[in-house]
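User: I would like to learn how to read a few features in a structure model. Please give the general idea each time, then the case at hand.
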Amino acid sequence: MKKDLIVNVALPYATYLLLHHVLHQSTVTSLAVGAVFPIISIIVTSLVERRVQAIGIVVLTATLASIAGSVFLDSPTLLLAKGSLITGVIGLVFAGSLLAPRPLVFYIVTGETPEIHEEADALWKSVPRYRRIMRTITIAWAVALLLEASLRLILIPLLPIEVFLPISETMWVVFFIPMIAWSRWYGKREVEKLQAGGAAA
């Protein structure tokens, strides 16, 4: 988390302040240069781990699209809305996965461990309550992400850029940490109920 805060919050914010207020560069240029740090981080991480994560692709695509749009239209709004674009897309993916045979949370929970996946797959096929648990958590994440994205958009015209940037880039902590904690608590509680004999409910 410390690395994420440095790369996604501290460096872009310091770059914006330096370029815009000290070197008197345009708002768009200052924001665009600051947005390069997360891009570099994603590329370096992908090279080191020798794989590209789905979330990295979303962040990279949204960031590049925001930079291109802002430079082309000479509007800082698109760069400021980058965070909303990222969390909004992810929220829509969570929501859309409800239409799939299994929601996204099912695959997140089971991970890449074959034993866990097989056990979860058996529960999914035979226990309606387990399916409700996975769908409930997926819905909660979709709603939370879309709310976070919407709140960012609302704040853009209301706050000065110097105030909006640190708030926007740390909002994910305010939303994600409670959501992760709730997901683990709710999932553990409901699974324990299943194991205690409530599977048929």
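Analyst: Start with helices: these (H or I, at least four residues) and strands (E, at least two) are DSSP runs, numbered from the N terminus. Here Ile 40 sits in helix α3 (residues 36-49). The model is predicted, so local features need pLDDT of at least 70 and side-chain atom pairs count only at pLDDT 80 or more, while totals for chains, interfaces and linings use all residues. Residues are numbered from 1 along each chain as its sequence is written, and side-chain values use heavy atoms, with hydrogens and water left out.

User: Is Ile 40 buried, partly exposed or exposed, and what is its relative accessibility?

Analyst: Buried means under 20% relative accessible area, exposed over 50%, and partly exposed in between (1.4 Å probe, protein chains only). Ile 40 counts as partly exposed because its relative accessibility is 44%.

User: Which residues make the nonpolar surface patch?

Analyst: Patches are made of residues with over 30% relative accessible area and no salt bridge; like charges are joined within 9 Å, and nonpolar side chains (Val, Leu, Ile, Met, Phe, Trp, Tyr) within 5 Å. A salt bridge is a side-chain nitrogen of Lys or Arg within 4 Å of a carboxyl oxygen of Asp or Glu. Accessible areas come from the Shrake-Rupley method with a 1.4 Å probe, and for residues only the protein chains shown count as cover. In this model Val 36, Ile 40, Val 44 and Val 48 form a nonpolar surface patch of about 330 Å².

User: What is Ser 97 in contact with, beyond its neighbours within four places in sequence?

Analyst: Contact means heavy atoms within 4.5 Å. With those neighbours set aside, Ser 97 touches Arg 102, Pro 103, Leu 104 and Thr 138. Its side chain reaches the backbone nitrogen of Leu 104 at 2.9 Å. Ser 97 belongs to helix α6 (residues 82-97) and is buried, because its relative accessible area is 11%.

User: How many aromatic pairs does a search of the whole structure find?

Analyst: A pair of aromatic rings is described by the distance of the centres and the angle of the planes. Rings of Phe, Tyr and Trp (its six-membered ring) pair if their centres lie within 6.5 Å; planes under 30 degrees apart count as stacked, over 60 as edge-to-face and the rest as tilted. The search of the whole structure finds 5 aromatic pairs. One of them, Phe 106 with Tyr 107, is edge-to-face, at 5.3 Å centre to centre and 90° between the planes. Phe 106 is buried at 0% relative accessibility, whereas Tyr 107 is partly exposed at 40%. Ring pairs also link Phe 94, Trp 141 and Phe 176 into a cluster.

Note on methods: Polar contact = N/O pair within 3.5 Å; in protein donor to acceptor, adjacent residues only side chain to side chain.
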